[in-house]
Amino acid sequence: MASRPLSPAALEDEKSIERTLRPAGFDEFVGQSRIVANLRTYLDAARARREPLDHVLLTGMPGLGKTTLARILAHEMGSNFHETSGPAVEKPKDLVGVLSSLEPHDILFIDEIHRLPSVVEEYLYPAMEEYRIEIFIDKGPDARSVQITVAPFTLVAATTREGLLTSPFRSRFGVFEKLEPYPPADLVKILARSSGILGVDLAAEAAAIVAVRARGVPRLANRFLRRLRDFAQVSGSSRVDVKTAEEGLARLGIDAQGLDAVDRKILACLARHDGQPVGLSTVAAAIGEEEDTIEEVYEPFLIQSGLLERTPRGRLATSKAREALGDSGKSLF
Ligand SMILES: Nc1ncnc2c1ncn2[C@@H]1O[C@H](COP(=O)(O)OP(=O)(O)OP(=O)(O)O)[C@@H](O)[C@H]1O
Ligand SMILES: [Mg+2]
């Protein structure tokens, strides 16, 4: 799974390179202009009032820039950035530890907030609303509660699974923004920036090809760029041109429409059912993938590309998908 070119999560060896490529401020952050404009306004207003920024919930597919935006908020606010994740805050006492280290107006970033244990979530509510936590010490007759005050801070939470958050939790965020996949023109700009940082000579036509096949995801665009740099290098060239891009992407198993082998298997599985909707579990079993992965990683792009439809009774391949598959689709099974 991890070695797959389209694996949406950051690969192990990718984390340090992503730090290098991460825009530090809004000026370097490409696209998502409505969200950026909103966040800039809220930041300016909060700073003018000398208050912390409202709590922010960022949702969207992996690799679209949630962590990047959270860091930018701290940078632009001139505040410290503290990072943790839902599964890392196992117990209320872990949360107390994190919250008591905060200084006024700091940003606390909790990634994968949907995996925060519900008992911790309840402790977080008063911290978010009134900057205090109430903890209970001892049991039985000695039981007492202690109030701890927390510096006025901003919680920036990120999730790829917005639907898993409870509505009381969601309603505690003043700012809620959903990141959408980037149009190719934005990915071209991101590739230009990344190739500058990495010192890769990327031809404009090659950037356009990579951008179309990166399915709207900056992480994938950057990943393809690094792989293409490798392909160029071993073939004795320092330049990623159209030929290197075309051949390299084909070697990664990504076709002209940005589909990889799993996408094609999903579509072929649906196409075999001749217009009958197919349940997610059936698709998952047929192609040997997790249901979650199909739903979160593969379907958004297939839907966006007009190749797959979700209906109440199941998934359908569109006529465009059947055309796209051609004869090669049938041969997958
Ligand atoms: N708008 C953007 N402009 C430039 N680079 C971007 C942008 N969005 C994301 N990136 C780059 O893409 C990579 C992935 O972004 P990031 O880690 O912020 O995604 P994420 O949404 O937090 O993903 P995950 O859900 O896996 O945590 C980073 O290297 C980042 O620099
Ligand atoms: Mg992230």
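Helices here are DSSP runs of type H or I with at least four residues, numbered from the N terminus. Just after one such run, helix 5, Tyr131 takes a positive phi of about 55 degrees. Please bear in mind that this is a predicted model.

Let me stay with helix 5, which covers residues 118–130. Its 13 residues reach 19 Å from the first C-alpha to the last, close to the 18 Å expected at 1.5 Å a residue. Which residues of helix 5 are buried? They are Val120, Glu121, Leu124, Tyr125, Pro126, Ala127 and Met128. The cover over these buried residues includes helix 4, strand 3, strand 4, strand 6 and helix 6.

I turn now to helix pairs. Two packed helices are described by the angle between their axes and the distance between the axes.

Helix 9, residues 218–234, packs with helix 10, residues 242–251, at an angle of about 110 degrees, the axes being 9 Å apart. Helix 9 is therefore roughly perpendicular to helix 10. Helix 9 contributes Phe224, Leu228, Phe231 and Ala232 to the contact, and helix 10 contributes Thr244, Ala245, Gly248, Leu249 and Arg251. By class, these residues divide into 6 nonpolar, 2 polar and 1 charged.

In the second pair, the axes of helix 11, residues 261–272, and helix 12, residues 280–287, come within 10 Å and cross at roughly 120 degrees. Helix 11 is therefore oblique to helix 12, and the crossing is right-handed. Val262, Lys265, Ile266, Cys269, Leu270 and Arg272 of helix 11 meet Val283, Ala286 and Ile287 of helix 12. This contact has 7 nonpolar, no polar and 2 charged residues.

Note on methods: Residues are numbered from 1 along each chain as its sequence is written. Chains are lettered from A and ligands numbered from 1 in the order in which they are written. This is a predicted model: local features need pLDDT of at least 70, side-chain atom pairs count only at pLDDT 80 or more; totals for chains, interfaces and linings use all residues. Side-chain values use heavy atoms; hydrogens and water are left out. Axes are lines fitted to C-alpha atoms, for helices over the stretch in contact, and angles run from 0 to 180 degrees between N-to-C directions. Helices (H or I, at least four residues) and strands (E, at least two) are DSSP runs, numbered from the N terminus. Angles under 35 degrees count as roughly parallel, over 145 as roughly antiparallel, 65 to 115 as roughly perpendicular and the rest as oblique. A crossing is left-handed if the near helix is turned anticlockwise from the far one by less than a right angle, and right-handed if clockwise. Contact means heavy atoms within 4.5 Å. Ala, Val, Leu, Ile, Met, Phe, Trp, Tyr, Cys and Pro count as nonpolar, Asp, Glu, Lys and Arg as charged, and the others, Gly among them, as polar. The expected span of a helix is 1.5 Å times one less than its number of residues. Buried means under 20% relative accessible area, exposed over 50%, partly exposed in between (1.4 Å probe, protein chains only).
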